[in-house]
Amino acid sequence: MLRLITDFDGPIVDISDRYYRVYELCLEKTRSQEQKVHRLSKAEFWDLKRARVPEKQIGIISGLTESQAEEFAHLRKITAHTQPYFQHDKLVPGALTALETVQKAGIDLVVLTMRRVKELDYAFESFDLGKFFPENRCYCLSNEYKKTRDVEDKPILMGEALAELPLATDSWMVGDTEADIIAAKTHGIKVIGVLSGIRDRNSLEAFQPDLIVNNLSEAVNFLLHQSWKKAG
């Protein structure tokens with residue numbers, strides 16, 4: 001059995017609009033009334049995020065003082081994953097077709113995400129994605145989970161998933177961050193990095209995934225091709 005374990009934000013859902021709206025809000029709330037700041041364009045902001053530029057540094061680049069930038073970073077951290085901002089999320093182009101392809105091919109599909117239950121449920125309802133992921137193939141954080149860092153939390157979640165899931169003859173992880181790569185490597189799972197999310201190629205290459213592709217569609221095509229080669 002071929003198994004595909006996919007992250008949610010990045011391969012399936014595009015969170016760039018949400019993060020940019022929160023950036024604008026936090027910049028406005030942090031600056032003083034008469035202070036002139038340099039509001040980054042969405043493209044400029046997203047390039048910085050994808051290059052792993054720290055939140056505080058983004059604040060300074062935007063014209064905030066050191067102390068304001070610290071406040072900006074804190075405000076962003078407590079705001080980015082709250083309602084009503086999830087309504088700005090959208091599907092990555094081609095992701096739905098890729099999921100349908102996986103389902104038709106009979107690949108065992110699992111979602112492994114740092115979203116909380118309520119956040120994942122909201123997205124499933126918004127984009128009608130529940131049909132791809134039965135409850136026993138969904139791994140996310142409880143609503144009460146105390147997060148530390150994704151690079152620490154995600155390998156733990158991956159371990160819990162692998163302990164429960166039936167054995168697969170071949171397993172691959174698809175994700176857009178270093179946390180996905182570290183989680184997969186920790187448990188001996190092959191991993192594909194996608195460029196449709198919050199990390200650029202240089203950021204992903206630093207963690208040495210088995211492969212880097214543009215999006216989930218390309219990852220699925222690669223896995224199907226590998227599967228056909230083995231079968232042939």
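Here are legends for a few close-up views of this predicted model. Residues are counted from 1 along each chain as its sequence is written. Local features need pLDDT of at least 70 and side-chain atom pairs pLDDT 80 or more, totals for chains, interfaces and linings use all residues, and side-chain values use heavy atoms, without hydrogens or water.

**View 1. The largest nonpolar core brings together 48 residues.** Such a core is a set of buried Ala, Val, Leu, Ile, Met, Phe, Trp, Tyr and Cys residues joined through side-chain atoms within 4.5 Å; buried means under 20% relative accessible area with a 1.4 Å probe, protein chains only. Phe8 and Phe133 have the most contacts inside this core.

View 2. Contact means heavy atoms within 4.5 Å.

**View 3. Helix α1 packs against helix α4 (residues 66–79).** Their axes, lines fitted to C-alpha atoms over the stretch in contact, sit 9 Å apart at an angle of about 140°. Among the residues that meet are Tyr19, Val22 and Leu25 from α1, and Phe72, Leu75 and Thr79 from α4.

**View 4. Thr79 sits in helix α4.** Is Thr79 buried or exposed? Thr79 counts as buried, because its relative accessibility is 11%. Beyond its neighbours within four places in sequence, Thr79 is in contact with Val22, Leu25 and Tyr85.

Notes: Buried means under 20% relative accessible area, exposed over 50%, partly exposed in between (1.4 Å probe, protein chains only). Axes are lines fitted to C-alpha atoms, for helices over the stretch in contact, and angles run from 0 to 180 degrees between N-to-C directions. Helices (H or I, at least four residues) and strands (E, at least two) are DSSP runs, numbered from the N terminus.
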